[in-house]
Amino acid sequence: MQLYDSRAQALRDFTPLVPGQVGMYVCGPTVQSSPHIGHLRSALVYDQMRRWLNYRGFDVTLVRNVTDIDDKVLVNATENEEWWALAYRTELEFSEGYRALGILPPTYEPRATASIQQMHSIIDRLIAESHAYVAEDGSGDVYFDVRSWPQYGALTRQNIDSMDAATDADPRGKRDPRDFALWKGHKSDEPASASWPSPWGDGRPGWHIECSAMARRYLGAAFDIHGGGLDLRFPHHENELAQSTAAGDGFAGYWVHNGLVNVNGQKMSKSLGNSVYAADLLGAARPIVVRYYLGQAHYRSTIDYHDGALAEAEAALDRIESFLERVGRRLTGTRFAGTGTEQIPDAFAAAMDDDLSVPQALAVLHDTIRQGNASIDGEDLALAAAAQGQVMAMTEILGINPFSVEWSRGQDKAVSGVLNTLVDQLLDERQKSRAARDFAAADKIRDVLTTAGITIEDTSTGAHWSIDGQ
Ligand SMILES: [Zn+2]
């Protein structure tokens with residue numbers, strides 16, 4: 001398998017540090033406001049990558065953090081909603097958006113505020129190695145000294161002198177305007193709850209150090225893949241790389257960056273008021289359609305969201321659904337039913353191995369559907385069954401199998417609601433019969449439930465039931 005490593009600016013064969021295992025860190029959201037289309041796309045890209053690595057036999061540890069303390073979170077907090085309440089409410093919105101799109105939960109989803117000690121330990125090492133210093137203006141800030149690290153700029157191939165100044169803290173305490181904050185001394189206008197004790201005085205972490213600390217904590221000093229949106233390359237990822245390697249860590253083996261989402265040809269921005277939020281998308285189409293739409297482009301390309309974009313995805317998904325329904329109907333009762341093995345075509349695997357080329361993989365999927373439909377037309381049911389198995393396998397890997405359980409949760413919920421009502425009603429009648437000492441009637445109800453596979457347990461708080469084997 002090959003991945004495009006943004007640091008090498010080249011496709012590289014993927015070889016993990018430990019055979020069979022992959023450690024993957026993805027920059028998660030700063031939970032300051034509702035998730036938008038770009039956030040969903042980023043999380044989805046790494047979900048696809050993880051599913052493919054899993055398919056290829058790797059045991060993947062995926063870490064996607066939650067930046068729950070940052071300038072932006074503090075700015076958006078109000079008198080009625082403290083920063084930590086805002087952060088948590090927003091985090092739930094993100095989780096809901098991810099869940100709706102079938103994005104599997106990461107192995108670990110750490111919040112920055114739970115790894116403050118780990119950040120201190122990296123800063124300690126940087127100060128000891130003279131790659132960081134405490135500001136001389138008494139602010140309590142600690143900065144990374146970019147001039148002390150000759151490799152600074154390696155990720156984005158920039159020369160220090162041509163870089164923008166870091167705008168993350170008061171430049172007065174900095175030796176160089178490009179030095180960035182590792183620790184920010186507490187300011188009197190910031191809430192006391194957003195302040196932690198440190199060897200350099202009370203304060204809070206800079207944004208970049210959060211990711212370095214969480215990556216190290218959950219994946220070790222060196223790990224395989226670091227991912228995030230293209231907009232994070234500089235300064236965020238450049239700074240993560242500099243501080244972690246200057247502190248002696250190997251850090252990421254491969255840097256992957258996903259493309260951004262534009263809206264009607266324009267960059268999304270608050271000032272333009274053209275942001276498309278997760279809620280807008282999920283209100284406009286079925287979640288599986290949104291997943292198809294956001295996942296169909298190559299992960300490194302820019303997506304342009306425009307009116308009608310979801311309709312195109314809906315049509316493509318309809319072709320998949322119609323074929324699976326049609327082939328299922330046609331094969332039922334024939335000796336070919338269930339004979340198609342769930343196996344992906346070689347061309348699909350080759351596309352996914354080629355830097356996760358989902359557009360080519362989808363082309364193979366739709367070709368297989370065309371051939372499958374032609375086989376049904378020509379009454380070649382053996383071939384139709386083979387196509388069915390392949391389509392199932394491909395859509396499962398991409399997370400777009402419309403008949404998969406992950407897309408039928410709503411239905412399950414409805415069914416369990418009905419079941420609850422019916423069983424509770426029967427148990428109620430059984431209780432009434434027993435109270436009336438009509439044990440024959442009570443036993444009959446019990447027998448009906450037992451035959452249906454439901455076990456009843458009489459306890460001091462009433463009868464409890466469960467479905468056998470669950
Ligand atoms: Zn990060």
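Trainee: A charge counts as sitting over a ring if NZ of Lys or CZ of Arg is within 6 Å of the ring centre and within 35 degrees of the ring normal. Which residue lies over the face of Tyr4 here?

Mentor: That is Arg300, at 4.0 Å from the ring centre of Tyr4. Keep in mind that this is a predicted model.

Trainee: And what lies over the face of Tyr98?

Mentor: Arg64 does, and its distance from the ring centre of Tyr98 is 3.9 Å.

Trainee: Where do Trp52 and Tyr55 lie?

Mentor: Both belong to helix H1, 3 residues apart, which is about one turn of the helix. Trp52 counts as buried because its relative accessibility is 0%. Tyr55 has a relative accessible area of 39%, so that residue is partly exposed.

Trainee: Which residues form an aromatic cluster?

Mentor: Phe14, Phe58 and Tyr254 make up one.

Trainee: Switching to the metal: what are the protein donors of the zinc ion?

Mentor: The zinc ion has SG of Cys27, SG of Cys211, NE2 of His236 and an OE atom of Glu240 as its protein donors, at 2.0 to 2.5 Å. Along the sequence, these donor residues follow the spacing C-x183-C-x24-H-x3-E.

Trainee: Where do His236 and Glu240 lie?

Mentor: They share helix H6, which covers residues 233–246, and they are 4 residues apart, about one turn of the helix.

Trainee: Why is the arrangement around the zinc ion called irregular?

Mentor: Look at the angles. Four donors count as tetrahedral if all angles lie between 85 and 135 degrees. Around this zinc ion the 4 donor atoms subtend angles of 73 to 129 degrees, so the arrangement is irregular. For reference, the ideal angle for four tetrahedral donors is 109.5 degrees.

Trainee: OK, helices now. How many residues does H12 have, and how far does it reach?

Mentor: H12 runs over residues 381–398, so to speak 18 residues, and reaches 26 Å from its first C-alpha to its last, close to the 26 Å expected.

Trainee: What do the buried residues of H12 pack against?

Mentor: Helices H1, H8, H9, H10 and H11. The buried residues of H12 include Leu381, Val391, Met394, Ile397 and Leu398.

Trainee: What covers the buried residues of H11?

Mentor: The cover includes H1, H8, H9, H10 and H12. Among the buried residues of H11 are Val358, Leu362, His366 and Ile376. H11 has 20 residues and reaches 28 Å from first C-alpha to last, close to the 28 Å expected. Glu379 follows H11, and its phi is positive as well, near 60 degrees.

Trainee: Last one: how many helices and strands does the protein chain have?

Mentor: There are 14 helices and 15 strands. The C-alpha trace spans about 85 × 65 × 45 Å along its principal axes. Of the 470 residues in the chain, 50% count as buried. Taking contacts between residues at least 6 apart in sequence, 74% join residues at least 24 apart.

Technical notes: Residues numbered from 1 in each chain as written. Predicted model: local features only at pLDDT ≥ 70, side-chain atom pairs only at ≥ 80, totals over all residues. Heavy atoms only, no water. Helix = DSSP H or I, 4+ residues; strand = E, 2+ residues; numbered from the N terminus. Expected span 1.5 Å × (residues − 1). Buried < 20%, exposed > 50% of the residue type's maximum accessible area, 1.4 Å probe, protein only. Contact = heavy atoms within 4.5 Å. Donors = N, O, S within 2.8 Å, 3.2 Å for Na, K, Ca; no water. Tetrahedral: all angles 85-135°; square planar, octahedral: opposite > 155°, others 65-115°. Phe/Tyr/Trp six-rings, centres within 6.5 Å; stacked < 30°, edge-to-face > 60°.
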